[in-house]
Amino acid sequence: MAPEPKAGGAAAPSPAGPALLSVRDLAVTFRTRDGEVPAVREVSFDLARGEILGLVGESGSGKSTLLTALMRMLPRNAGITAGHIGFDGTDLLALREDGMRRLRGDRIGLIPQRPMTSLSPTTSVGRQLRWHLDGLDEGRLKELLGGVGLGAVLDRLDSYPFEFSGGQLQRLLIAVAALGKQPDLLLADEPTTTLDATVQAQVLRLLLELRDRVGLTMVFVTHDLGVISQVSDRIGVMYAGRLVEVAPARELFDAPRHPYTRALLEAIPGRHRRGEPLRSIPGTVTGANRLPGCPFAPRCAAVVDRCHEENPEVREVGESLVRCHRAGEDL
Amino acid sequence: MLRYVGRRVAGLALVLLIVLTLVFFMLRAAPGGPVDAYLGMNPTPEKRAEVEHRFGLDQPIWVQYAKFLGNLASGDLGNSLFSDRPVSAIIGERLPVTLELSLAAFLFWVVVGLAAGALAARRRDSFVDGLVRVGSVVALSIPSFWLALVLVVVFGLYIKGVLPSSGWVPFTEDPWENLRGVVLPAFALGLGSGAVIARTLRASMIETTRADYVSFARAMGMPERRVLRRITLRNAIIPTATVIGLMLGVFVSGTVLVENVFNIPGIGQTIVGAFRQHDYPLAIACTLITATVFLVANLVVDLLYFVLNPRIRAGFLNGTAR
Ligand SMILES: Nc1ncnc2c1ncn2[C@@H]1O[C@H](COP(=O)(O)OP(=O)(O)O)[C@@H](O)[C@H]1O
Ligand SMILES: [Mg+2]
């Protein structure tokens, strides 16, 4: 592992090889009626080819916004206000819209969060597959659909999206965006939340297999720690728009450094000790991104005065990068 | 599908019958009558009785109604009380005029409305968008008869000779003059509807642009033009088609005002005269024809909706929707 210079003092260098994706101090702001809402702040990480980064965090922590910003497809009322995104040597934020469009799909793919509404309701599914995959022949189609366990729908491709289940649609989207296009970088926004357990396992296996076969690099967003532990090489924990901890998957589970990560892990059923009541994290994330200081301070069990005044810088503790004033202390 | 159309046509016939019955009794309940209109002031009782007998008005109203239904069933709409010509002949002369006017207005304003709406949505918040938005509000607040009067005054008094502002030349007589004559009345007839169509398409395209399926297509690298054509327009046109269907009523009923202002011999002008003179057969026939055109047009739009929306189509095919 070559120690990289840490731009902005906040990088999370990837453990292997040169970075395919390099994000530095990224900030995204929404303009709303109540003023500007920062949804992503000072997010930095590197991703090596073939690496899978899991992103966890509760709903509203900015995971989807981060992925949309990487695609440069933010809604009209949102904008990237700071930072840098490097992709395979290209500065994505300096790219013209047309150049960016050429990267989408072919080199940076996205599996959307809501499969039920992600295909056009007025065109048959088969035709939409052909829109996205040029020169799709019968054999290739069979291979793609078989790959996601959808061999059975081959003769139903002239049906419309509403005639399929959410799980089938999600697998169709994966077949197109991941298997069909085989992008260098795949951004997956909760790709398995709508699937039942067996299908979920099948899809996860498929994505891992694709990584091994073609060196797929992936950012995998979920709020399910169980899923993320199965697929990720490294895990990033988001809280109120900030990446509060990034660590190799094993390290994160064995030695969580940030109080929020700890609280998350303790909230998983089955991990807490028998007889102890299941813990949830007290308080809510609401308004956290407007306060000065550490966004987690109002809910933190290990809070000290300093946390309310000063936002912590990134610190390196073991193999983890943590944004906490008390990181490294034995709490 | 065929069964659906059959059911709709049967429903349509029932609605027509109800409308005609209502008009039949309302005409007779209204003060005054064809005899007064026919004979003028203070006729002698003998003369009155004679004319009443000639018009069949001396019989009890139920007998008149039964006769009317019988004639209707055999396709006989009777003669005009005043000109004594068969009503069907009068309709045959006047209907093509109204249809041409309505159709011209409809086609023109649907095309203009759709183009303006799509352009405004595509260039959202631009100058063009502002123009369409402000222009459509202004257009909506102008009553069509007022606009018609203004056009008649402007083109009849101030800029004479550019476009005819009164009267009608049949297409068979002089096609060019006929088309020139359609311009102003068609413009006045559909301006408001064009504005509604533009606003609806604009709003539903903007709504559609935010849809997940548009984001996904863009995330797959589909070029914007293709996204617009294959996805945004295709989906945004569905609510717009419904609105266009509703507007058909305006195009038909609006001819009453516009034809009278521009002095065009269509159904709209005839219907006003027929009701004023209590010309029962002619009034009934005009009502029948107007209502039929309106109902058939709505049926066509519903069928179009069915073609555009696969969800409804599938519902019909597997019997889950009625
Ligand atoms: N369209 C929007 N308008 C205004 N604010 C938004 C919008 N979408 C997201 N946000 C803000 O961005 C934050 C992050 O949202 P999101 O990225 O969807 O979170 P996640 O995917 O982690 O659930 C939310 O807390 C919300 O305040
Ligand atoms: Mg999300």
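Biologist: Into how many nonpolar, polar and charged residues does the shell around ligand 1 divide?

Modeller: This is a predicted model. The shell includes Phe30(A), Ala39(A), Glu58(A) and Lys63(A), along with residues such as Ser59(A) and Gly60(A). By class, the shell residues divide into 2 nonpolar, 8 polar and 2 charged.

Biologist: How far does a polar side-chain atom of Thr65(A) lie from an oxygen atom of ligand 1?

Modeller: Polar contacts are pairs of N or O atoms within 3.5 Å. A backbone N or O atom of Gly62(A) lies 3.1 Å from an oxygen atom of the ligand, and a polar side-chain atom of Asn77(A) lies 3.4 Å from a nitrogen atom of ligand 1. For the polar side-chain atom of Thr65(A), the distance to a ligand oxygen atom is 2.4 Å.

Biologist: Why is Cys300(A) too far from the closest cysteine sulfur for a bond?

Modeller: A disulfide is a covalent bond between the sulfur atoms of two cysteines. The cut-off for such a pair is 2.5 Å. The closest cysteine sulfur to that of Cys300(A) belongs to Cys307(A), and it is too far for a bond because the distance is 6.1 Å.

Biologist: Is Cys307(A) buried or exposed?

Modeller: Buried means under 20% relative accessible area. Cys307(A) has a relative accessibility of 8%, and therefore it counts as buried.

Note on methods: Residues numbered from 1 in each chain as written. Chains lettered and ligands numbered in written order. Predicted model: local features only at pLDDT ≥ 70, side-chain atom pairs only at ≥ 80, totals over all residues. Heavy atoms only, no water. Near = heavy atom within 4 Å. Polar contact = N/O pair within 3.5 Å; in protein donor to acceptor, adjacent residues only side chain to side chain. Nonpolar A, V, L, I, M, F, W, Y, C, P; charged D, E, K, R; others polar. Buried < 20%, exposed > 50% of the residue type's maximum accessible area, 1.4 Å probe, protein only.
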